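Thank you all for coming.

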Amino acid sequence: MASHRRPKPPSRTRVTVLTATAAAAVALSAQSAHADPRPSKADAKAEVDKLYEEAEQATEKFNGAKEQHDKLQKQVDELQDRVARGQEELNKLRDGLGSMATAQYRSGSIDPTLQLLLSSDPDTYLEKASTLNQLSAKQADTLRLIAAKQRVLQQQRKEATTKLADLESTRKALGERQREIQGKLADAQKVLNAFSEKERAEITGADKATDGAKGTGGKSGGDSAGTGGSSSHPNVPAGSGRGGAALGAAQSQLGKPYHYGATGMASWDCSGLTQWAYGQAGVSLPRISQDQANAGTRIYSQSQLQPGDLVIFYGDQHHVGLYAGNGQVLHAPRTGTVVRYEAMGNMPFQFGVRVG
């Protein structure tokens, strides 16, 4: 008969070893779960670049809404001013009729029909020929003028009401675009916050730009082989005509920071810089890049570009700069950078625009 012996309990030493091993495994697991969650610099750069590009897309929409808002505000102000002046003229005409009625009343010879002239609806009485026959020519002319001004004022008030509604709509659109931009920039900053200051500069390309370097010297070709940009002067060839003058103006802004919606002089966005630069050359450009893309003759071959030509990037045309020669663009790139030169190959070129 087989013997049924109870298994020998593990020794205290074995239990201690097993416990320590389990504890170490738990510690390693916990350490792995709490490992640095930040992405690699390459992944972070891809994510930040995407967010900055989306922010710039929203910026051009913001600029368009701002332009429309300002235009509507001006129209509303003008309409309200015209309504106020028209009402003042109407009041003076009515006061004049009231003076005539008072004079006739005092002389005891007031014409009963003159009382009709002070009505808020003179058109009704103008339709009554019997009434008009009893009026003096001057009184009838004044009444007709009052009626005409009332019709004009009514139309102007109606137009002003419509414009005010449009204005409120553009204000909402402005707010939406601004919130969208700020959201994209905040998301990008969250990604960047996981890195050191030096790493952030490498990710955003800020390390490629030397603020305030506005001299005429510098290495030929600038940063054309790199992935970033430079505010140093890459031996830009002299331009001619309006394009050359615009490029020269833009060069004076090298090193100034990018800020969405900015039109100078402390900071710029891409289309704000090109609009101002051409303004210095005596050319009035539209505010947003998509409209600037239609401001002249399109040039699809980069080899045909001349210094100062506008250069349009991305399929939706949300970015614009100035061709600086040697395959370079001078532009205000995006948040976290400054006005600088950059290799055109760093962005998807669509076409150039020769203005004028």
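Let me start with Lys45, Asp49 and Arg334, which salt bridges join into a network; a salt bridge here is a side-chain nitrogen of Lys or Arg within 4 Å of a carboxyl oxygen of Asp or Glu. Please keep in mind that this is a predicted model, in which local features need pLDDT of at least 70 and side-chain atom pairs count only at pLDDT 80 or more, while totals for chains, interfaces and linings use all residues. Residues are numbered from 1 along each chain as its sequence is written, and side-chain values use heavy atoms, with hydrogens and water left out.

Across the whole structure, the search finds 14 salt bridges. Among them is the one between Lys50 and Glu54, at 2.8 Å from N to O, and both of these residues lie in helix H2 (residues 41–107), four residues apart, or about one turn of the helix; helices, for us, are DSSP runs of H or I with at least four residues, strands are runs of E with at least two, and they are numbered from the N terminus.

Glu54 also meets the side chain of Lys184 in a salt bridge, at 2.9 Å from N to O. Lys184 lies in helix H6 (residues 137–192) and Glu54 in helix H2, so this pair ties together parts that are 130 residues apart in sequence. Is Glu54 buried or exposed? With a relative accessible area of 18%, Glu54 is buried, since buried means under 20%, exposed over 50% and partly exposed in between, using a 1.4 Å probe and protein chains only. Lys184, at 22%, counts as partly exposed.
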